[in-house]
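Have a look at it first, and then we'll go through it piece by piece.

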Amino acid sequence: MTSSRGRIPVKLHKNVTLIRTSEPLLAEELLARKTLARYVLGRLSETVLLIQPDDSDVVIEELRRMGHTPRVVR
Amino acid sequence: MAAASQSPSSDPPAERRLDSGQAPTEAGPRLAYRAALARYRRTKLADIRLAQGMQPGSAQVRPAANPDEITEYLDRPAALRALIARLSTGSRLALSLFALTESTSMRTAGLYHALGMLGVPPTETIVELLDLGLLVISFESELRSVDYFPAAIDRSFETLDLVLVHPGVASVIRTTTPAARLPGVVSAVSQVREADGLEPILRLSALWQRIGIEPLRQTQQGVLYKRDRERLEEDPVLAAPFSDALEPVNDPAALLLALARRIGLIEPDPAGDRLLAAPTQFWDDNAVHLPQMIATGWMSMQRWQESPGELLDRVNSAGVRYLRIAALLWLATLDDSEWVAIDDLAEHLTNLWPAWDRPFLTDDSVESQVPKRKGGPRERSRAPSVAARRPREPNLLCLILRGTAHSLGLVREAEDRGSHRRVVQLTPLGRYVLALGPSPPPRPSFDHFLFVQPNFELIAYRQGLTNHLVGRLSRFAWWAQIGAALQLNLTRESILHGLENGETAASMLDTLRKHSQRPVPHNVQDAVTNWASRREDVTYYAAASLIEFNSQRERDVALASWPASDRPDPIVVSDRFLLVEDEHSVPFDRLRQTSSRD
């Protein structure tokens, strides 16, 4: 433990909108889709994309249009 | 009221307000009742306390505190019972109307209209209840104090204001039926036709699915956007004619929407600009009581009516709502073996209340029944004018009894063996909804009512369905046809809908296997499993939390000591980040938050 009280110091980022894929290839596929890529703010890892928070319905609809059946965690 | 009190009052407040004219009840029926009392003259309040049994000269009669005293006195069931025991039959009948429709308010003109149809002198009856404080007259914009009830009734009649009932009455009053006997009652009948009552439940489940997939958008005034309205009106399942109604049901999609809002199957979101499907739990919680909830919602519904024609801004003065309950209460005067022809019932109503079928409470054609001033206090003329004796609308009672009430399973029809006329009576469900009979026996059912076909179509026999199973199937199979034959489709979207409503691939297949007459085709099993598994390929987090560590080592230490709980485990995103679905699952007794970003 690094803190004097024995608790680990962390930064908390709340209300973050993300897409997580089961494989890196799927994330690549999403990034290659122009209509979806414009809502992607960044790639946090091979399988996690940071998404604009205000366009949930549009992004989910686009995922479905691509043939995915995303699990939506609200 | 026995049956009326058994189901939860699930009307959304906004819907209650719009549909049953309960504008002042935003803060709750009891507060609205008390607030209306506070508009009375103090001497009037003292009169009410005295009428309730307070001894004259008692120190407890404190005019300034009387609204509270009256309200609190009626909060006591024993006091209410004692007062109700003193009432005339007509007044008990009036209170029954509130309890049966689970309403705490009515338009004064509407109550007046209903009592007239039930053969009860309206003014005397309403005044008797006002005198005892069981009803209170409420003006939205009236500045004068209420001091003389007949005059107040007249003013309320003209302004479409409300009478409110003390909310404790519903749990105490028993259903009272009209005292008179219907003419032309017959007993020898044949060819009895009775609906299974499933039609509205099946269609409501289809509506629930549609709105679950795509919520309805509405304006601040509660009006649907044109595109969403058309989506419902053009849906082949929702807009199709009711298959078991003996008369056409007007605008089925609008009826379903109004019913769904009344029973809480769809609800406005917090912002009020969308209508959302209720959580799946609704079906588990309410399956048993659904027929009664639907019937009660229908009886008090104003936003939709049986006869075609736009209500527009005259919703609050629609008269059909009061005819529905009056017609059922007249049928309730029949014994189990007795039937009556709708024509005879219509003639009976005409003799009692010539304008019984008026579409709006404020129609000029019924001015004869609106209070007329005769010198001092107003009295109500009962002599129908020429206008009031206009040709009847013969179909309205048919549309109510043979159309909606029959499809809801409240009324059954037969043929009189003597005259060969069509006659009607209440079903056991109808008597139960009116709190006049026991709960109807459960429908006989059989487990294997489904055909699961390789083309992903499910054919269902109505006979095997229960309300609970309708809800269960609606989670993951798409209603494609509702009629004598039922068809559901399995699609990728419907399976996703099931997953989002708590199902798993295994539970969905279990349901299909349990109720299918033949083994579920392999391709269907594979597809359901495949569709469900693909859902885990992509996860969308609308508002997740990311925990950022200073190093990978600290992340690993935190992960290793993460407390076990029923919440989802954190997910490793990168060397220094963990993803948590629920911020409340973060163990801050082990982590120290140095900063936070939203």
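Taken over C-alpha atoms, the centres of domain 2 and domain 4 of chain B are 53 Å apart. Keep in mind that this is a predicted model. Those two belong to a set that also includes domain 1 (13-171) and domain 3 (450-535), with domain 2 covering 189-367 + 392-433 and domain 4 covering 540-598.

What is chain B built from? Its secondary structure comes to 23 helices and 20 strands. Of its 598 residues, 46% are buried. If you take the contacts in chain B with a separation of 6 or more, 71% of them are between residues 24 or more positions apart.

Leaving out residues up to four places away in sequence, Glu194(B) touches Arg412(B) and Thr427(B). Thr427(B) is 233 residues away from Glu194(B) in sequence, yet their C-alpha atoms are 8.0 Å apart in space. Is Glu194(B) buried, exposed or partly exposed? Glu194(B) counts as partly exposed because it has 17 C-beta neighbours inside 10 Å, while a buried residue needs 20 or more and an exposed one has 12 or fewer.

Now for some strands. Strand β2 (residues 135-138) of chain B is covered on both faces: Leu135(B) and Ile137(B) are buried on one side, and Val136(B) and Ser138(B) are buried on the other. β2(B) runs antiparallel to strand β3 (residues 162-165) of chain B, joined by four bridges.

Further along chain B there's an open sheet of four strands, in the order β13-β14-β16-β15, with antiparallel pairing. Which strands stand at its edges? They are β13 (450-452) and β15 (478-482) of chain B; each has a single partner strand, so one side of each is left without a neighbour in the sheet. On average, neighbouring strands here are turned by 20° against each other, ignoring direction. Within the sheet, strand β14 (residues 457-460) and strand β16 (residues 486-489) of chain B pair over four bridges in the antiparallel sense.

Helix α19 (residues 467-476) of chain B is largely enclosed by the rest of the structure, because nine of its 10 residues are buried. Among them are Leu469(B), Val470(B), Leu473(B) and Phe476(B), along with Arg472(B) and Arg475(B).

Finally, the two chains meet. The contact takes 34 residues from chain A and 39 residues from chain B. On the chain A side, β1 (8-21), α3 (56-65) and β4 (71-73) each supply at least two residues, and β1(A) gives the most, with 14 residues. By class, that side has 16 nonpolar, 11 polar and seven charged residues. β1(A) also runs antiparallel to strand β17 (residues 538-549) of chain B, and nine bridges join the two.

Here are some bridge partners from the strand pairs we've met:

| Residue | Bridge partner | Strand of the partner |
|---|---|---|
| Val16(A) | Ala544(B) | β17(B) |
| Ala460(B) | Leu486(B) | β16(B) |
| Leu135(B) | Val165(B) | β3(B) |

As for what holds such pairs together, strands of a sheet pair through backbone hydrogen bonds, either parallel or antiparallel.

Definitions and conventions: Residues numbered from 1 in each chain as written. Chains lettered and ligands numbered in written order. Predicted model: local features only at pLDDT ≥ 70, side-chain atom pairs only at ≥ 80, totals over all residues. Contact = placed C-beta atoms within 7 Å. Domains from an automatic or database assignment. Nonpolar A, V, L, I, M, F, W, Y, C, P; charged D, E, K, R; others polar. Pairing = 2+ DSSP bridges. Axes fitted to C-alpha atoms, helices over the stretch in contact; angles between N-to-C directions.
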